Amino acid sequence: MQMRCDECAYYEYDEDDEMYYCSVNMDEDDFYRLVRSNYSNCPYYRSGDEYRVVRHQM
C-alpha cells in the first residue's frame with residue numbers, strides 16, 4: 001500500500017514514546033478494512049501543507 005504518512009496532517013509525534021503515530025479516529029474494523037483493501041492511497045489522508053490553498057489562489 002502506497003501512503004505518504006509523513007506528509008499527512010494526522011501523522012503526529014508522540015513525545016512520550018518518541019515515535020510517530022496516525023491520529024485518525026479508527027476502530028478495529030476500519031483499520032482492518034484499510035490494511036486488507038486495495039486502496040492505492042489512504043482514504044483518511046489530509047495534506048499537512050497549510051499553504052496549499054493559498055498557493056492555488058496566487
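This note goes through the predicted model point by point, from overall fold to single residues.

1. Basis. This is a predicted model, in which local features need pLDDT of at least 70, side-chain atom pairs count only at pLDDT 80 or more, and totals for chains, interfaces and linings use all residues. Residues are numbered from 1 along each chain as its sequence is written, and side-chain values use heavy atoms, with hydrogens and water left out.

2. Fold. The protein chain has 2 helices and 2 strands. Their order along the sequence is β-β-α-α. Helices (H or I, at least four residues) and strands (E, at least two) are DSSP runs, numbered from the N terminus.

3. Burial. The protein chain has 58 residues, and 7% of them count as buried. Buried means under 20% relative accessible area, exposed means over 50%, and partly exposed lies in between (1.4 Å probe, protein chains only). The areas come from the Shrake-Rupley method, and for residues only the protein chains shown count as cover.

4. Tyrosine cluster. Tyr 11, Tyr 13 and Tyr 20 form one aromatic cluster. The structure holds 2 aromatic pairs. In the pair of Tyr 11 and Tyr 20, the ring centres are 5.1 Å apart and the planes meet at 10°, so this pair is stacked. Rings of Phe, Tyr and Trp (its six-membered ring) pair if their centres lie within 6.5 Å; planes under 30 degrees apart count as stacked, over 60 as edge-to-face and the rest as tilted.

5. Tyrosine surface. Tyr 11, Tyr 13 and Tyr 20 also make a nonpolar surface patch of about 320 Å². Tyr 13 sits in strand β1 (residues 11-14). Patches are made of residues with over 30% relative accessible area and no salt bridge; like charges are joined within 9 Å, and nonpolar side chains (Val, Leu, Ile, Met, Phe, Trp, Tyr) within 5 Å.

6. Acidic patch. Glu 15, Asp 16, Asp 17 and Glu 18 form a negative surface patch. Asp and Glu count as negative, Lys and Arg as positive; His and the chain ends are not counted. The place of a charge is taken as NZ of Lys, CZ of Arg, CG of Asp or CD of Glu.

7. Glu 18. This residue deserves a separate look. Glu 18 is in the loop between β1 and β2 (19-22). At 60% relative accessibility, Glu 18 counts as exposed. Its phi is near 55°, a positive value in a residue other than glycine. Most residues other than glycine have a negative phi.

8. Salt bridge. The structure holds 1 salt bridge. The side chains of Asp 30 and Arg 33 meet in it at 2.6 Å, N to O. The criterion is a side-chain nitrogen of Lys or Arg within 4 Å of a carboxyl oxygen of Asp or Glu. Asp 30 and Arg 33 are 3 residues apart in helix α1 (residues 28-36), so about one helical turn separates them. Asp 30 is partly exposed, at 21% relative accessibility.

9. Cys 5. Cys 5 lies in the segment before β1. With a relative accessible area of 34%, Cys 5 is partly exposed. Which distance separates Cys 5 and Arg 46 in space, C-alpha to C-alpha? It is 9.4 Å, although Cys 5 and Arg 46 are 41 residues apart in sequence.

Conventions. Accessible areas come from the Shrake-Rupley method with a 1.4 Å probe; for residues, only the protein chains shown count as cover.
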